[in-house]
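Dear colleague,

Please find below the structure I wished to hand over to you. My findings follow directly after it.

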Amino acid sequence: MKLDDDIHNYYEHLVLEHISQLKLTSVKDDDYIADLCCLALNQLPPRYIRYEVDMSFYLAQSERQQMEMNTLNAVTKAIQFLDKDQNN
């Protein structure tokens, strides 16, 4: 078993999904996106899974909504931090 291939943090998926929805990859460089991901993920609790399907079947809708709200807040804070840093 290779840990980095078999197990991952579900919040990684949610953060990348939110960044994609915001279309940031078309206006920001790879370094900005990498920093954004790190800053956002460090604000979120780990939620380790092996398979995406695990989350579909075993996650209550209310918990999924809370995770999405947590992700939105973490990404927003990270963007504010990075953009403030670039403006100074």
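The protein chain holds five helices and two strands, where helices (H or I, at least four residues) and strands (E, at least two) are DSSP runs numbered from the N terminus. Read from the N terminus, the order of elements is α-β-α-α-β-α-α. Along the principal axes, the C-alpha atoms of the protein chain occupy a box of roughly 45 × 30 × 20 Å.

Before the details, a note on the basis of what follows. This is a predicted model, in which local features need pLDDT of at least 70 and side-chain atom pairs count only at pLDDT 80 or more, while totals for chains, interfaces and linings use all residues. Residues are numbered from 1 along each chain as its sequence is written, and side-chain values use heavy atoms, with hydrogens and water left out.

Burial and core

Of the 88 residues of the protein chain, 28% count as buried. Here buried means under 20% relative accessible area, exposed over 50%, and partly exposed in between (1.4 Å probe, protein chains only). The largest nonpolar core has 21 residues, and the members that touch the most others are Val15, Ile19, Leu36 and Met67. A nonpolar core is a set of buried Ala, Val, Leu, Ile, Met, Phe, Trp, Tyr and Cys residues joined through side-chain atoms within 4.5 Å. At least two residues of this core come from each of H2, H3 and H5, and H5 gives the most, with six residues.

Salt bridges

A salt bridge is taken as a side-chain nitrogen of Lys or Arg within 4 Å of a carboxyl oxygen of Asp or Glu. By this rule the count is four. In one of them, arginine 64 meets glutamate 17 at 4.0 Å, N to O. Arginine 64 belongs to helix H5 (residues 61–87) and glutamate 17 to helix H2 (residues 10–21), so this pair ties together parts that are 47 residues apart in sequence. Glutamate 17 is partly exposed, at a relative accessible area of 29%.

Arginine 64 also forms a salt bridge with glutamate 68, with 2.6 Å between the closest N and O atoms. These two residues are four apart in helix H5, and therefore about one helical turn separates them. Glutamate 68 is partly exposed, at 34% relative accessibility. Through shared partners, the salt bridges join Glu17, Arg64 and Glu68 into one network.

A further salt bridge brings together the side chains of aspartate 83 and lysine 28 (3.8 Å, N to O). This pair links distant parts of the chain, 55 residues apart: aspartate 83 is in helix H5, and lysine 28 is in the loop between H2 and helix H3 (30–42). Aspartate 83 is partly exposed at 25% relative accessibility, and lysine 28 is partly exposed with a relative accessible area of 25%.

Surface

Asp29, Asp30, Asp31 and Asp35 form a negative surface patch. Patches are made of residues with over 30% relative accessible area and no salt bridge, like charges being joined within 9 Å, and nonpolar side chains (Val, Leu, Ile, Met, Phe, Trp, Tyr) within 5 Å. Aspartate 29 is located in the loop between H2 and H3.

Finally, glutamine 80 is found in helix H5 and is exposed, with a relative accessible area of 52%.

With kind regards

Methods
Accessible areas come from the Shrake-Rupley method with a 1.4 Å probe; for residues, only the protein chains shown count as cover. Lys and Arg count as positive and Asp and Glu as negative; His and the chain ends are not counted. The place of a charge is taken as NZ of Lys, CZ of Arg, CG of Asp or CD of Glu.
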